[in-house]
Amino acid sequence: GPSYYSGWLESSNSLRRDHAPLTGFTDNPLIAGSSPVKALHMQELQSRVNTLRTFYGLGAYNFTTIKAGTTSLAGWTTHVNQVRAAIEDVCSASGKAHESWISFSINCPRADVIQQLRNVILAL
């Protein structure tokens, strides 16, 4: 049965704590056309990616600071690109791949892009 060591993994000749749980995103799932993307959603992505980076032996990514209620997400593509870059490092470290990123366009629903990032994080 579960014990203190149940959440520990052996990797690269070391023992480390599993990164679980990474579930429980706010407003999950996001739905295109009905779910607005909030600063909180981006903060959650940044936090979860840095948890994964630590788990895979990488340093924390230096994200642009997002403050709920004060940060405009008008430049949301910058935040998304930072999260994507941080995830790519995790994929390289873990030897895992992900689907192609959704391209940015005028008609690109923000909710779809954020949900894709969430799905990739949960798969890692």
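**Entry 1: confidence.** I'm working with a predicted model, so I checked pLDDT before anything else. The mean for the protein is 82, and 77% of its residues reach 70 or more. I then went through the elements: helix H2 has the highest mean, 94, while strand E1 (residues 8-11) has the lowest, 50. Over residues 1-5 pLDDT stays under 50, and the model has 2 contacts there beyond four places in sequence. I'm leaving that stretch alone.

**Entry 2: the core.** Which residues touch the most other members of the largest nonpolar core? I got Leu45, Val83, Ile87, Ile114 and Leu117, out of 28 residues in that core. Helices H1, H2 (76-94) and H3 (110-123) each supply at least two of its residues. H2 gives the most, with 7.

Setting aside residues up to four places away in sequence, Ile114 touches Leu30, Val37, His41, Met42, Leu45 and Val80.

**Entry 3: a glutamine in H1.** Gln46 lies in helix H1. Buried or exposed, I wondered about Gln46? Its relative accessibility is 10%, so Gln46 counts as buried. Beyond its neighbours within four places, I found Gln46 in contact with Phe63, Thr64, Ile66, His79, Gln82 and Val83.

**Entry 4: salt bridges.** How many salt bridges does a search of the whole structure find? It finds 3, and I went through them one at a time.

- Lys38 and Asp27 meet through their side chains at 2.9 Å, N to O. Both sit in the loop between strand E2 (14-17) and H1, 11 residues apart. Lys38 is partly exposed at 37% relative accessibility, and Asp27 is partly exposed at 37% too.
- Glu44 pairs with Arg118, with the closest N and O atoms 3.7 Å apart. Glu44 is in helix H1 and Arg118 in helix H3, so this bridge ties together parts 74 residues apart in sequence. Both partners are buried.
- Arg53 and Asp89 meet at 2.9 Å, N to O. This pair links helix H1 to helix H2, 36 residues apart. Arg53 is buried at 7% relative accessibility, whereas Asp89 is partly exposed at 35%.

**Entry 5: back to Glu44.** I wanted to know why Glu44 counts as buried. Its relative accessibility is 12%, and buried means under 20%. Besides Arg118, the contacts of Glu44 beyond four places in sequence are Phe25 and Thr26.

Conventions
Residues numbered from 1 in each chain as written. Predicted model: local features only at pLDDT ≥ 70, side-chain atom pairs only at ≥ 80, totals over all residues. Heavy atoms only, no water. Buried < 20%, exposed > 50% of the residue type's maximum accessible area, 1.4 Å probe, protein only. Contact = heavy atoms within 4.5 Å. Core = buried A, V, L, I, M, F, W, Y, C linked by side-chain atoms within 4.5 Å. Helix = DSSP H or I, 4+ residues; strand = E, 2+ residues; numbered from the N terminus. pLDDT = per-residue confidence, 0-100. Salt bridge = Lys/Arg side-chain N within 4 Å of Asp/Glu carboxyl O.
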